[in-house]
Amino acid sequence: MSFLLQQGYIRSTEDVPSKDRQAFWCDAVCHEYVKLDCNINAQSPFRGSVRGGVGLSKLRFSEVLADPQEVRRDKHLISQSTEEDFLISFQLSQEGFVRQNGREAHLKQGNFALYDSTEPYTLSFNKPFHQLIIQMPKDVLRQHLLEPERYTAVCIDGQQGIGAVLSNFILSLAQELNTVPDVCDELSDNLLNMIAMAYSSSVRVKSVVDSQQLQESFRKKILRFIDNNLSEPELNNQKIADAQGISLRYLQKLFEGQEYSLHQIVLDKRLQKAQTMLLDKRCPVSNLEQLAYSCGFNSYAHFSRSFKKHFGLSPSELKA
């Protein structure tokens, strides 16, 4: 495979010693995009090339040809960054996954998806892949597309409808960018209008974004995570959000309008676990303080007060 872009610099692992390739590759993608953590799958030797430094007005174009890997951008990396960009990845070969805000876009060849550099996201590739990426300031896309955050990590089919029109235009433009002045605002605006049309006119996008079924499925996933981590005293909303690769704001939004807050759900589940253990005659509880800690409480006093308020009996009274 070769690059579509006919200009710009290339950074490649080709002449880098195998032991240095992960660090080199992480530096290369961070330099071209935003601060990221790269986890390279076991390959000997890993191969990767990125072509960048290509612009069209306020848009930046780049390409990646690389072996399997997972790329993550978390809250910590975002806090160290000043970039506020949207990125669109066009899958040119094999497949990839974009995960953000509780959604997952499965990009097969020809498809594309949008993601936001100011919110956590994950990009995963299980096979060697080829992508074309367009990066733009958030305020630039917002001038053309209303609330673009609603469309992050939603897969658009690049082989039919307006998605195919946009993909064909993008691929042709990428091959001819070396002949186009990089200050061509009119061409840039036309491209942004096509991107906006591809998203805003897609009925399927709207159904995915607004799907109550999708939100309910993600809430169940979060509740399973809570069940599996009740014994962790530091389990809180921020840690739950980080573990799911979503923002705290989106986590809170998922549970808006629910009967119980997420904090109350965690507390109730811990109390239910403690009650179950106390009532289990096959394995009698001998140390109530140890029970409290095993259920995720920081102190026995807090556990005892919460338990009595919830069940009407103290742990020692129920044990007796």
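A quick definition before we start: two strands count as paired if DSSP finds at least two bridges between them. Keep in mind that the model you're looking at is predicted.

With that in hand, find the open sheet of five strands, which pair antiparallel in the order β2-β5-β10-β7-β8. Its edges are β2 (37-40) and β8 (103-107), each pairing on one side only. On average, neighbouring strands here are turned by 15° against each other, ignoring direction. Zoom in on β7 (residues 96-100): five bridges join this strand to β8, and the two run antiparallel. Along that pairing, R99 stands opposite E104 in β8. Helix α1 (residues 21-32) packs on the sheet, where it touches β2 and β5 (69-73), and its direction makes about 140° with that of β2.

Now for the inside. The largest nonpolar core has 33 residues, and F61, M136, L166, L191 and Y199 are the ones with the most contacts inside it. Several elements give two or more residues to this core, among them β3 (48-56), β4 (59-66), α4 (161-176) and α5 (185-200). The largest share, eight residues, comes from α5. There's also a second, separate core of 27 residues, including W25, V34, C38 and V98.

One last stop: S306, in helix α12 (residues 300-311). Is this residue buried or exposed? S306 is buried, because its relative accessible area is 12%, and buried means under 20%. Leaving aside residues up to four places away in sequence, S306 touches L267 and L271.

Notes: Residues are numbered from 1 along each chain as its sequence is written. This is a predicted model: local features need pLDDT of at least 70, side-chain atom pairs count only at pLDDT 80 or more; totals for chains, interfaces and linings use all residues. Side-chain values use heavy atoms; hydrogens and water are left out. A nonpolar core is a set of buried Ala, Val, Leu, Ile, Met, Phe, Trp, Tyr and Cys residues joined through side-chain atoms within 4.5 Å. Buried means under 20% relative accessible area, exposed over 50%, partly exposed in between (1.4 Å probe, protein chains only). Helices (H or I, at least four residues) and strands (E, at least two) are DSSP runs, numbered from the N terminus. Contact means heavy atoms within 4.5 Å. Axes are lines fitted to C-alpha atoms, for helices over the stretch in contact, and angles run from 0 to 180 degrees between N-to-C directions.
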